[in-house]
Amino acid sequence: MALNVIMMGPPGAGKGTQAGRFARERGLLKISTGDILRESIKAGSPVGLRAQELMDRGELVDDETMIDIVRERLLRPDAQPGFVLDGFPRTVVQAEALDRIVSERQNGPLVIVDVRVPEQELVRRLAGRLICSKCGANGEPPKEGAAASTACAKCGGELVQRTDDNEQVVLERLKVYERATKPLVEFYRDRATFRIVNGAQALERVAQELDTVIEDAALVGAKQPQTAAVKAVAPEKARA
Ligand code: AMP
C-alpha cells in the first residue's frame, strides 16, 4: 500500500527540508509545488510567466493551475509507491481536489502532518534563508561562529535569497497563509490520519517526531476503508 503524505505548515516551518528527507529515505516521490513553479519560471514556460508576478508579491497561483500540475504528477508511475506533498494543498478547493485524486488512485490513505512554528521564528528563519540558484536546494545553516557559506553544499552553485523571502513579501505570505491555508487545519483536523508536529526544535528532533507520527497515522489509515477519509469530509462542505 502506498504512503501518501501532506506536509503542511507556514512558509519557513521547514516542511520542504523534512519532506525531501522523508521522501528520500522512504523512496517516495516528493512534490514541491513551489519548486515546480520556480522551475517553470526558469524555463520561461507559460505557467512560469503567469506565476512569477504572483509569487513575487507573495500571492497564490490560481487553484486550477495548481490542481492540474499536481494531478499530472500524482498519476505518473513514479508516484505509485506514494508521495510527499510540500506546499500543496494551500486552499480548501485544492484539498477537495486532492481528495478526489487520492480516491481515484485507490492506493493508500492520506496522512496529513501540520508542522507548527511561532510566527516570530518564521520571520527570523525566512530572512536568513538562502537557496541554491542552480539546483534549488536550501543552503546549510552556518556552523556556530563560522561565516555563512556562499556555495551550495550539493552542487557548488551560488546561494542566493529567494526573491519572495524579503521582509515585505514574507509578511504578505504569512498573511496569505493565515487567510487561505490555515482553514485547511479545520478541513483536516477531524481525520484519524491528521497529526501535529512541533517544528520549532532541532532538525533531527523534528525528523524523529515526524517519522513517529507518520508511521502511526499510516497504520491507523490502513485500517480504514479507502474512501473513509474522503467521506469524513461532510458532503455539504464539498464544492461543486
Ligand atoms: P513555496 O516554495 O511553497 O513557499 O511557494 C512559493 C510560492 O509559490 C507561493 O508563495 C505561491 O505564490 C506559489 N505556490 C506554491 N504552491 C502553491 C499552491 N499550492 N497554490 C498556490 N500557489 C502556490
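Start by selecting strand β4, residues 110-116: six of its seven residues are buried, so the strand is largely enclosed by the rest of the structure. Buried here means under 20% relative accessible area, exposed means over 50%, and partly exposed is in between, with a 1.4 Å probe and protein chains only. Strands (E, at least two residues) and helices (H or I, at least four) are DSSP runs, numbered from the N terminus.

Before you click on, a word about what you have open. This is a predicted model, in which local features need pLDDT of at least 70 and side-chain atom pairs count only at pLDDT 80 or more, while totals for chains, interfaces and linings use all residues. Residues are numbered from 1 along each chain as its sequence is written, and side-chain values use heavy atoms, with hydrogens and water left out.

**Stop 1: the sheet**

Now widen the selection to the sheet that holds β4. Five strands make an open sheet, and reading across you get β2-β3-β1-β4-β7, with parallel pairing. Two strands count as paired if DSSP finds at least two bridges between them. At the edges sit β2 (29-32) and β7 (194-198), each pairing on one side only. Look along the sheet and you can follow a twist that averages 20 degrees from one strand to the next.

Go back to β4 and check its two partners. With β7 it pairs in the parallel sense over five bridges; pick Val113 and you'll find its bridge partner in β7 is Arg195, then pick Arg116 and look across to Asn198. β1 and β4 are also parallel, over five bridges, and there Asn4 has Leu110 as its bridge partner in β4.

Next, bring up helix α9, residues 203-223. This helix packs on the sheet and touches β1 (3-8), β4 and β7, where contact means heavy atoms within 4.5 Å. Its direction makes about 170 degrees with that of β7; axes are lines fitted to C-alpha atoms, for helices over the stretch in contact, and angles run from 0 to 180 degrees between N-to-C directions.

**Stop 2: Asn4**

Select Asn4, which is in strand β1. At 0% relative accessibility, Asn4 counts as buried. What does its side chain reach?

**Stop 3: the ligand**

A backbone N or O atom of Val61 is 3.0 Å from a ligand nitrogen, and one of Gly87 is 2.9 Å from a ligand nitrogen. On the oxygen side, an N or O atom in the side chain of Arg173 is 3.5 Å from a ligand oxygen. Taken alone the ligand exposes 480 Å², and the protein buries 97% of that; the areas come from the Shrake-Rupley method with a 1.4 Å probe, and for residues only the protein chains shown count as cover.

Stay on Arg173, in helix α7 (residues 167-181). Arg173 is buried, at 9% relative accessibility. Leaving aside neighbours within four places in sequence, its contacts include Pro11, Gly58, Arg129 and Asp165.

**Stop 4: Thr65**

Thr65 is in helix α4, residues 63-74. Buried or exposed? Thr65 is buried, with a relative accessible area of 10%. Its side chain joins that of Asp62 in a polar contact of 2.7 Å. Beyond residues up to four places away in sequence, Thr65 touches Val47 and Arg50.

**Stop 5**

Select the peptide bond from Phe88 to Pro89: it is cis, with omega near 0 degrees. Pro89 is in the loop between β3 (82-86) and α5 (92-105).

Finish at Gln106, in the loop between α5 and β4. Gln106 is not a glycine, yet has a positive phi of about 50 degrees. Gln106 is also exposed, with a relative accessible area of 60%.

Conventions
Polar contact = N/O pair within 3.5 Å; in protein donor to acceptor, adjacent residues only side chain to side chain.
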